[in-house]
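Reader: I have a model open on my screen and I'd like to learn how to read it. Can you walk me through a few features?

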Amino acid sequence: MQNIDLHVHSSWSDDADFSVSQLMKIAEKENVSVLSIADHNSSSSVEEAIYWGHKYNIHVLPGIEIDCSFGNNNYHLLGYGYRRHSTDFAEVKRNFDRLQHAATPVKIEKLKALGLFLDEERLFALAGDRVPQEEEMAELILEDERNAGNALLIPYRKGNARGDMPLINFFWDFFGKGKPCHVEIAFPPLQDMVEIIRSNGGIPVIAHIGANVKSGHTDVISEMVKSGVIGVEVFSSYHDNDLRQQLYDYALDRSLLMTCGSDFHGKNKPNIRMGSCQLNQAESEKVEAFLERVTLY
């Protein structure tokens with residue numbers, strides 16, 4: 001069976017560390033044979049990924065992960081196998097950056113209202129030409145000696161309950177929907193993003209549904225299918241065995257395409273390893289059936 005990972009992030013994503021060439025070296029080390037770099041709202045990695053894929057003898061599938069809204073929640077929509085030179089995704093990126101830039105000062109003020117100290121100058125220096133990310137805010141807050149005695153941060157210290165992946169856990173606990181620093185952002189409707197992907201010859205797949213909702217997963221997906229979603233990321237770092245099986249059976253019964261992805265980022269998600277999907281023979285065959293629908297490079 002091939003080792004396939006269709007959901008990793010390069011430094012073209014605002015919250016990831018590794019360059020495209022570094023990702024390819026990691027993929028070679030992990031014996032990944034098929035890889036998709038699905039950067040957040042950006043297709044900028046595609047040409048470089050294809051170049052390095054040839055160097056390392058790794059098949060590359062063009063990918064993107066788009067923030068979008070559906071119902072009352074935000075979701076991530078994966079797009080695969082789209083036309084490489086489309087300019088539509090550049091507009092997706094511009095809109096995403098505009099929304100994030102507008103939300104950043106609101107997030108900072110919400111953190112300060114909780115009594116957390118954040119060095120804004122260092123934050124923007126750390127972000128460079130990218131939009132400052134919540135994980136970067138978390139990193140600086142946890143490092144700042146002025147926050148040393150703040151009880152809110154105890155769970156994220158080494159050895160404590162949320163200290164295994166402190167930066168992403170901070171993000172989920174403080175910025176997730178319903179959390180104290182959450183900022184409502186009007187991401188584009190899922191249906192519109194499905195249309196962009198499909199009009200560019202791509203396949204829309206809903207990403208890691210288990211990371212977005214805690215129950216009723218297949219009910220949500222059923223509604224998304226009505227909007228043109230034709231695939232499910234069944235095998236994900238965020239899905240336990242029970243959810244994997246539920247999603248597998250659901251997709252199989254409805255002839256939906258199935259994909260697998262680690263969501264590898266680097267230091268923000270240190271417990272996630274590239275190529276870690278661990279598929280059995282039947283599962284691998286379903287993912288390979290998906291790959292037969294798209295062009296690999």
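Reader: Let's start with E91. Where is E91 found?

Author: Bear in mind that this is a predicted model. E91 sits in helix α3, which covers residues 88-113.

Reader: Which side chain does E91 join in a polar contact?

Author: That would be R94, with 3.0 Å between the two side chains in a polar contact. Here's the general idea behind helix spacing: an α-helix has 3.6 residues a turn, so residues three or four places apart point the same way.

Reader: Okay, now H239. Where is H239 found?

Author: H239 is in a loop, the one between β7 (231-236) and α9 (241-253). Check accessibility again: H239 has 6%, and because buried means under 20%, H239 counts as buried.

Reader: What does the side chain of H239 reach?

Author: It reaches the backbone nitrogen of I209 at 3.4 Å. A polar atom of the H239 side chain also lies 2.9 Å from the backbone oxygen of V234. Leaving out residues up to four places away in sequence, H239 touches H208, I209, G210, E233, V234, R244 and L247.

Reader: Let's move on to helix pairs. How are two packed helices described?

Author: By the angle between their axes and the distance between the axes. The crossing of α1 past α2 is right-handed. On the α1 side the contact is made by V20, S21, M24, K25 and E28, and on the α2 side by E48, A49, W52, G53 and Y56. Sorted by class, that contact has five nonpolar, two polar and three charged residues.

Reader: And how do the axes of α3 and α5 cross?

Author: At roughly 35°, coming within 11 Å, with α5 being residues 134-143. This crossing is right-handed as well. T104, K107, I108 and L111 of α3 make the contact with E134, M137 and I141 of α5. By class there are four nonpolar, one polar and two charged residues.

Reader: At what angle do α5 and α6 pack?

Author: About 110°, with the axes 8 Å apart; α6 is residues 166-175. Angles of 65 to 115 degrees count as roughly perpendicular, so that is how α5 and α6 sit relative to each other. From α5, E134, E135, M137, A138, E139, I141 and L142 meet P166, L167, I168, F170, F171 and F175 of α6. The class count for this contact is 10 nonpolar, no polar and three charged residues.

Reader: Why is α5 said to be largely enclosed by the rest of the structure?

Author: Because nine of its 10 residues are buried. They are E134, E135, E136, M137, A138, E139, L140, I141 and L142.

Reader: What covers the buried residues of α5?

Author: The cover includes α3, α4 (120-127) and α6.

Note on methods. Residues numbered from 1 in each chain as written. Predicted model: local features only at pLDDT ≥ 70, side-chain atom pairs only at ≥ 80, totals over all residues. Heavy atoms only, no water. Helix = DSSP H or I, 4+ residues; strand = E, 2+ residues; numbered from the N terminus. Polar contact = N/O pair within 3.5 Å; in protein donor to acceptor, adjacent residues only side chain to side chain. Buried < 20%, exposed > 50% of the residue type's maximum accessible area, 1.4 Å probe, protein only. Contact = heavy atoms within 4.5 Å. Axes fitted to C-alpha atoms, helices over the stretch in contact; angles between N-to-C directions. Left-handed = near helix turned anticlockwise from the far one by under 90°. Nonpolar A, V, L, I, M, F, W, Y, C, P; charged D, E, K, R; others polar. Parallel < 35°, antiparallel > 145°, perpendicular 65-115°, else oblique.
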